[in-house]
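Here is a short briefing for a first look. Please keep the sequence and the model in view as you read.

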Amino acid sequence: MNIQNCNPFIRAAEIQLSVLEGKSFRRAYDHRLFYVLDGEGLLLLKNSEHQIAVDSVMYLPPQTDYYFKGKLKVIVLNFDVTQSFAHRMEPICPPPVAEFEDSLLFDQTTLDIEIAPVIKNSGIKADLLEIVHAFNKADALANAYISALLKKVIIEIIKDVANENDSDRLIERIRRYVKLHCGEIESNEDVAKKFGYHPVYIASLFKERTGITLHKLILAERVNLACTWLEKTELSIDEIAFNAGFSTRNHFCTVFKKFMNISPLVYRKRNK
């Protein structure tokens, strides 16, 4: 289903003060959304596990097998993305997988976009708390209000996913560019200018997404390039240093030894 046609029906909305560790997988009959208010732990899925802490959001479609490890205080929503099963108002606690009954499934309609099992988004907290508060009023106006609020929350989550994907694509493009042009790149500013961003933003985003600095990536690719030339050419150390983007032979040798634990000359003798 396209998000434009989403009209959520909320079957349950509450704050669970203590979600304790599960012992085995359970399977959901409808969509589940969890928001961690306090505590930390793990969300375990069939093929993966995810660290969760305060402001973690977990969006699980119907028939998802999951359980938690850790003591957590969470907002929990049970819902469908359409109103087709609004006549079935009573929620069903996810049973152990072996006890799951297909006949009890609610609306199985899902959204077209794939949403990561866990994201961070503190901006939706206020709307989720408002949904919990208004859910208890149980009248037509309240139901329409919380449905609209949940659609807004889902849109915010989808926007986060889109931004994450855009950032991942940018990081991959930066990696390819640095690999191809490391000998010509003088600083982070050159990379930022190539992609039309401020150098502080590019450096911060790259470190956040990869765990290493952009400067370290540039140096690593220069060293990789130098290794190829040491193995396959007769270029002098000075020539290799210059062609790989280093200002001096001494700087090249220092960086090379830091990455490879041996000097360029020793590397050439071992790999020529």
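Predicted model: local features only at pLDDT ≥ 70, side-chain atom pairs only at ≥ 80, totals over all residues.

Residues are numbered from 1 along each chain as its sequence is written, and side-chain values use heavy atoms, without hydrogens and water.

**The sheet**
- Four strands make an open, antiparallel sheet, in the order E2-E7-E4-E5.
- Strands (E, at least two residues) and helices (H or I, at least four) are DSSP runs, numbered from the N terminus.
- Two strands pair if DSSP finds at least two bridges between them.
- Strand E2 (26–27) and strand E5 (48–52) are the edges, each pairing on one side only.
- Strand E4 (residues 41–45) runs antiparallel to E5, joined by five bridges.
- A hairpin of two residues links E4 to E5.
- Leucine 45 has serine 48 in E5 as its bridge partner.

**Arginine 27**
- Arginine 27 sits in strand E2.
- Two bridges tie E2 to the antiparallel strand E7 (residues 65–69).
- The bridge partner of arginine 27 in E7 is aspartate 65.
- Their side chains also make a polar contact, at 2.6 Å.
- A polar contact is a pair of N or O atoms within 3.5 Å; within protein, one must be able to donate a hydrogen and the other to accept it, and residues adjacent in sequence count only if both atoms are side-chain atoms.
- Not counting residues up to four places away in sequence, arginine 27 touches residues including Pro94, Pro95, Val97 and Phe100, with contact meaning heavy atoms within 4.5 Å.

**Aromatic pairs**
- Rings of Phe, Tyr and Trp (its six-membered ring) pair if their centres lie within 6.5 Å; planes under 30 degrees apart count as stacked, over 60 as edge-to-face and the rest as tilted.
- The count by this rule is eleven aromatic pairs.
- Phenylalanine 252 and phenylalanine 256 are edge-to-face, because their ring planes stand at 65°, with centres 5.7 Å apart.
- Both lie in helix H7 (residues 249–260), four residues apart, so about one helical turn separates them.
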